[in-house]
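Student: Before we go into detail, I would like to look at the model with you and ask how its chain is put together.

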Amino acid sequence: MGIPWDDVVVIQQGKDANEPCIVTVNCPDKAGLGCDLCRIILEFGLRITRADISTDGRWCYIVYWVLPHPASVKVDWESLKTRLLSACPSCLFSYYFNQLSTSPSPPPIYLLKVWCVDKKGLLHDINEILCNLELIIQRVKAMPTPDGRVLEMLFITDGMELLHTKKRQDYVCEFLMEALGERCISSELQLAGPEYGHLQGFSSLPPAFAEELFSSELLDKVSLHPLSQDMKTLKTPTVTVDNSLSPVHTLLQIQCVDQKGLCYDIMRISKDSDIKVAFGRFSSSVEGFRNIDLFVQQNDGKKIIDPDSQKTLCSCLKEEMLHPLRVIIVSRGPDTELLVANPVELSGKGRPRVFYDVTLALKALGVCIFSAEVVRHSTQERQWEVYRFLLEENRNFPLTRSQTRSQIVDKVRRTLMGW
């Protein structure tokens with residue numbers, strides 16, 4: 001007997017813009033479901049302010065309190081509900097999300113050409129529109145002209161997997177032109193040729209860049225660029241393990257600085273570490289800090305008793321909460337490049353909305369982007385998703401100055417962390 005879809009995911013709107021919406025998920029459980037749900041919520045520009053998780057291994061009941069972040073983000077609640085339904089085991093309905101493939105092939109890449117009047121922040125504005133359409137940018141190249149116009153060439157993938165249809169293509173172009181208004185001269189969309197297939201592959205970073213970006217020394221220094229004083233005094237997360245309170249579960253107690261994507265990061269680590277969360281509570285932020293209690297088991301249903309396993313899990317949680325993303329600026333010949341890296345899930349999925357947040361930060365600083373791309377990079381420990389932004393020199397904001405570079409790194413990191 002099936003489960004009514006209306007009862008699987010329920011979204012209750014807040015009474016006003018400051019009151020969180022309540023998202024309730026009530027469905028059969030599966031490994032990594034909490035991570036998948038948190039990822040979808042983050043992808044829609046929502047911040048989880050509180051969460052309660054309960055499961056017996058067969059059935060789960062999860063409640064999220066969410067707010068748009070920033071508050072200006074427009075959320076398509078019906079689309080969010082559909083995406084959450086697609087992640088639930090009870091909802092294997094025929095829709096555009098293919099959840100049954102055990103080894104999905106990479107989605108096709110499409111080339112979106114947009115002729116616009118060139119203005120600062122244009123790339124972020126386009127990206128914001130594409131996010132609302134559930135389109136993901138893989139690579140961008142800007143081709144400015146002397147008469148103040150620019151051709152933005154955007155290589156994109158479609159989260160809805162419908163871009164192969166003419167209806168979807170026409171809708172994207174029309175929606176984009178209407179949203180950009182007078183700034184947009186024309187737009188066209190087509191399947192990218194086979195010569196662009198490498199965009200979804202791996203790209204090796206220059207060794208010097210990789211060493212600076214992924215060096216273990218980063219964990220001790222917090223940043224490779226000087227930060228503002230309040231970021232220097234960030235409290236190191238604390239993770240304690242208690243096996244005395246439950247005969248069948250290990251209690252993880254976490255205290256850390258509140259930041260965007262915190263629930264996703266913790267559930268991602270649990271999923272990739274084969275740790276099952278039976279009961280969990282993510283408390284609301286108090287003076288910028290969060291308290292999290294998780295009753296967990298290993299994948300075999302046993303408590304985490306081995307001291308080395310406990311130490312490894314605690315170390316991983318602390319590292320990911322303190323450094324969920326890496327941000328540096330490097331010189332590439334005469335050019336200046338901003339690099340932003342985040343860990344990739346074992347399932348192959350990267351972190352949502354990184355491109356959105358970085359372009360938002362650069363727009364606020366008045367820094368223009370000449371080109372951008374998303375690549376994958378592997379280290380001995382894991383796989384990373386690396387965003388590479390080639391920045392345009394600005395007479396009023398000289399990129400060669402160390403103070404300017406530190407300001408960019410600081411602003412980008414703050415935006416990514418939601419501070």
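Student: Among contacts in the chain between residues at least 6 apart in sequence, what percentage join residues at least 24 apart?

Tutor: This is a predicted model, in which local features need pLDDT of at least 70 and side-chain atom pairs count only at pLDDT 80 or more, while totals for chains, interfaces and linings use all residues. Residues are numbered from 1 along each chain as its sequence is written, and side-chain values use heavy atoms, with hydrogens and water left out. Taking a contact as heavy atoms within 4.5 Å, the share of such contacts that join residues at least 24 apart is 69%.

Student: Which strands are the edge strands of the open sheet of 8 strands?

Tutor: Strands are DSSP runs of E, at least two residues long, and two of them pair if DSSP finds at least two bridges between them. The sheet has the order β1-β2-β4-β3-β11-β12-β10-β9, with antiparallel pairing. The strands that pair on one side only are β1 (9-12) and β9 (238-242).

Student: At about what angle to β9 does helix α10 run?

Tutor: Axes are lines fitted to C-alpha atoms, for helices over the stretch in contact, and angles run from 0 to 180 degrees between N-to-C directions. Strand β9 is joined by 5 bridges to β10 (residues 250-257), and the two run antiparallel. Helix α10 (residues 307-322) lies across β9, β10 and β11 (275-282), and its angle to β9 is about 155 degrees.

Student: Over residues 92-103, where pLDDT stays under 50, how many contacts beyond four places in sequence does the model have?

Tutor: The pLDDT is the predictor's confidence in each residue, from 0 to 100, and the chain averages 86, with 88% of the residues scoring at least 70. Where pLDDT is low, the predicted coordinates should not be read in detail. With that caution, the number of such contacts for residues 92-103 is 16.

Notes
Helix = DSSP H or I, 4+ residues; strand = E, 2+ residues; numbered from the N terminus.
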